Amino acid sequence: MSAGRSAPAALVGAAAEIGSAAELGALVSRWVGRAVPHEGYMLAAVDPVTGAGCFLAREHGYSPAAARRLTLGDRRERDHPFPFERLVEGPCHVGVLNTDAPGRRRNAAMRAVMTDLGVGSELRLALVDGGTTWGGLVLLRPRGARPFSPDEASRAQHLARDIVAALRRYATGAPPEPNRLGAPPGVLVIDPDETVAAATPSARAWIRELETLPPAALAAPDLPLESTIWHLTQAARSDGSGRSTLTRVPTRRGWIAIQAQPMPTGAVAVTIQAAAGKELLPAVAFWQGLTPREHMVVDRALKGLSSKQIARHLRLSPHTVNDHLKSIYRKTGVSTREELLSRFLD
C-alpha cells in the first residue's frame, strides 16, 4: 500500500476474505456509511494499467440502463461539473451533484434521469492513490432527503485511500494466475445499438465467471450486455484508433482478460479468456505492489531466463536478483520459480 495513513485493519482484513465484487461493494458501503450515510452506491474498479473498468458492484444505485444513459450523456453534453476525468486529475477528487437542492447541477437531460429514478443527490469520488487511478465510488440519496454536504464530501475524500486499500486487497485475494474455468475463449459481437448480436456458447460461461449477472439473465435466449463488457466496448469505440482495448478481471478462480476491438461495420468484437503471461503480469504487478525493478525481473523470468541471465540483462548482481525474486515470491504467494511460472503461464 502507499505510504501514509494505513487503512483500518478490519476493513482490509474483511476484503481479503470475501469472494465477489458484490460482497466487496456491500463491505465498502457499510464502512463508508459510518461517515457518509447513503441509500445507494456504485463501486467500480479499473484496470490500473489500461484504465478500463474491471469490476463493478451496485446496490440501490443507478440501473444498468440509467448508468449507461448518464455515462453517454456526460460525454455528449460535456457540461458535467464533475466528470470523473477531471476528478482524477484535480487536487479535489470528490464532487456533489443535486437535483432538488441548491448547488451545482447536471445538465437538464441528466437531471431528468436522476429525477426519474428518484435520486436527489449524488456524491462521486475518484479513487486515486499513489499517482494511480484505481476506480470510483458513487453514493446516492433519494429526492427529499438531505443532500450531501461539503463536510461529507471532505470526509469521503479522506476515505479514498482506505477504499483503495480494500480494492487492492480484494484483487490480490484472487489467485495470481490464469482463470481455471477451462473453457475455450468466448467471443461476442456487440452491435452499434448496444445489443449482443452473436455469442459463442463459451461466452456465457465466461460471463457467468464474472458474477455480475443473475442466473436468469444468463439463461435467457437474448444475452444481455454485461456492464464491464459495455464499458470496454465504449472505451474501444471512443479511442478511435481501431486497436483493441483490454481489461483484466480478478475472480475466485484466477484472472480473466477481456479485449474489445471495433469492426468496420460499427460493431465491436469482444473476446473473453483466461489472462496469462504478458496479459496478466502488468495488472498483477500493479495490484500486488511489485516495484518497477521487480516487474522487470519477473518479466524476464517468465521468458525463461536464469537468475544469472537476468542479472546480466538488468546489470545487477545475482544476489540482488535473488533478493528481488524473494520479494516477488512473498507478494505473489509462491515459494519457488517453478510455482511462479506455473501461476502466470498456461
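**View 1. The model contains 14 salt bridges.** A salt bridge here is a side-chain nitrogen of Lys or Arg within 4 Å of a carboxyl oxygen of Asp or Glu. The model is predicted: local features need pLDDT of at least 70, side-chain atom pairs count only at pLDDT 80 or more, and totals for chains, interfaces and linings use all residues. Residues are numbered from 1 along each chain as its sequence is written, and side-chain values use heavy atoms, with hydrogens and water left out.

**View 2. Asp 47 and Arg 248 join through a salt bridge.** Their N to O distance is 2.7 Å. Asp 47 sits in the loop between strand E1 (40-46) and E2, and Arg 248 in strand E8 (residues 245-251). Buried means under 20% relative accessible area, exposed over 50%, and partly exposed in between (1.4 Å probe, protein chains only).

**View 3. Arg 237 pairs with Glu 194.** The closest N and O atoms of this salt bridge are 3.4 Å apart. Arg 237 lies in helix H9 and Glu 194 in the loop between strand E6 (186-190) and strand E7 (196-199), so the pair ties together parts that are 43 residues apart in sequence. Arg 237 is partly exposed, at a relative accessible area of 26%.

**View 4. Glu 23, Glu 211 and Arg 252 form a salt-bridge network.** Elsewhere, Arg 300 forms a salt bridge with Asp 299. Their closest N and O atoms are 3.9 Å apart.

**View 5. The largest nonpolar core has 86 residues.** Such a core is a set of buried Ala, Val, Leu, Ile, Met, Phe, Trp, Tyr and Cys residues joined through side-chain atoms within 4.5 Å. Leu 24, Leu 123 and Ile 163 have the most contacts inside it. Helix H6 (residues 150-173) gives the most, with 10 residues. A second, separate core of 12 residues includes Ala 66, Leu 70, Val 113 and Leu 140.

Note on methods. Helix = DSSP H or I, 4+ residues; strand = E, 2+ residues; numbered from the N terminus.
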